[in-house]
Amino acid sequence: MRRGQVVKNMLKSSKAKLVLDIDCAEGFITNFLSQLPAYVVGVDIDESIKIAKKKVSGTDFIRATITNLPFKNECFDAITLLEILEHLPDPTLDEGIKEVDRVLKPGGILLIGVPYKEKITYTRCIHCGKLTPIWGHLRSLDEYKVTSLLPGNYKLVRKKHIPNLGLISCSRIMNILPLRLWLLINDLLGIIRKGYWVILEYVKSLKC
């Protein structure tokens, strides 16, 4: 819940009128984005998009992948990429970033959320015997690695650490706190421990 509120809060001041939520799954984050004064579109290739269509009103959902977005060039004011980049193999990651850049307007906002400096652990597949990363996370990321994946005209302007999901995001006591108070506690904890999650806000400038 809190991650959705943080994402909405980060976009609230942007005055974005057209927002794209990529790999929206069942529409958890899209539901928060739909509360903005903006037209919101969610895309996903998975069957879960059918659930999103039933759960989230006032939003359009389209079956599509990050590597083939069915939109015109430079049409979105803001795009969210949450819990995506760590899952993508290199060729898909490169093509996906190119597509995101294509459909985002100059001056537009790109929000990227990833596990922060995650230590990738592996388990042995019971079917093929090969080592497989748990949760399907293929890479460990931080703000520097994410920035290196983007074109040079993307500037990191803000980052929000969520240091301990179990303590400050999921506990019943913390969930009843007003968002401002929760964010204050989150930021204080973030000074001590900068994991588990980071949301990075980039602004796309005109290419030189």
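Reader: Hi! Is Phe32 buried or exposed?

Author: Phe32 is buried, with a relative accessible area of 10%. Buried means under 20% relative accessible area, exposed over 50%, and partly exposed in between, using a 1.4 Å probe and protein chains only. Keep in mind that this is a predicted model, where local features need pLDDT of at least 70, side-chain atom pairs count only at pLDDT 80 or more, and totals for chains, interfaces and linings use all residues. Residues are numbered from 1 along each chain as its sequence is written, and side-chain values use heavy atoms, with hydrogens and water left out.

Reader: Thanks! How many aromatic pairs does the structure hold?

Author: The structure holds 2 aromatic pairs. Rings of Phe, Tyr and Trp (its six-membered ring) pair if their centres lie within 6.5 Å; planes under 30 degrees apart count as stacked, over 60 as edge-to-face and the rest as tilted. Phe28 and Phe32 make an edge-to-face pair, at 5.6 Å centre to centre with 70° between the planes.

Reader: And where do Phe28 and Phe32 sit in helix H2?

Author: They are 4 residues apart in helix H2 (residues 28-33), so about one helical turn separates Phe28 and Phe32. Helices (H or I, at least four residues) and strands (E, at least two) are DSSP runs, numbered from the N terminus. Phe28 is partly exposed, at 43% relative accessible area.

Reader: What about Phe71 and Phe76, how are their rings placed?

Author: Their centres are 4.9 Å apart and their planes stand at 90°, so that pair is edge-to-face. Phe71 is buried at 15% relative accessible area, and Phe76 is buried at 1%.

Reader: Switching topic: how many residues are in the largest nonpolar core?

Author: It has 31 residues, and those with the most contacts inside it are Leu20, Ile22, Leu85 and Leu110. A nonpolar core is a set of buried Ala, Val, Leu, Ile, Met, Phe, Trp, Tyr and Cys residues joined through side-chain atoms within 4.5 Å. Elements giving two or more residues to this core include strand S1 (18-22), helix H4 (90-103) and strand S5 (104-115). Apart from it lies another core of 18 residues, among them Val6 and Ile109.

Reader: Which residues is Leu110 in contact with?

Author: Leaving aside neighbours within four places in sequence, the contacts of Leu110 include Ile79, Val100, Leu150 and Tyr202. Contact means heavy atoms within 4.5 Å.

Reader: You mentioned H4. Which residues of H4 are buried?

Author: The buried residues of H4 are Leu93, Gly96, Ile97, Glu99, Val100, Asp101 and Val103. They pack against S1, S4, S5, helix H5 (143-149), strand S8 (154-162) and S9.

Reader: Nice. How many disulfides turn up in a search of the whole structure?

Author: The search finds 0 disulfides; a disulfide is a pair of cysteine sulfur atoms within 2.5 Å. Cys24 is buried at 6% relative accessibility, and Cys75 is buried with a relative accessible area of 18%.

Reader: One more spot: where is His137?

Author: His137 is in the loop between strand S7 (131-133) and H5. At 6% relative accessibility, His137 is buried. Leaving aside neighbours within four places in sequence, His137 is in contact with residues including Glu86, His87 and Glu118. The C-alpha atoms of His137 and Glu118 are 9.0 Å apart, and the two residues are 19 residues apart along the chain.

Reader: And how many helices and strands does the protein chain have?

Author: The protein chain has 8 helices and 9 strands, and 46% of its 208 residues count as buried.
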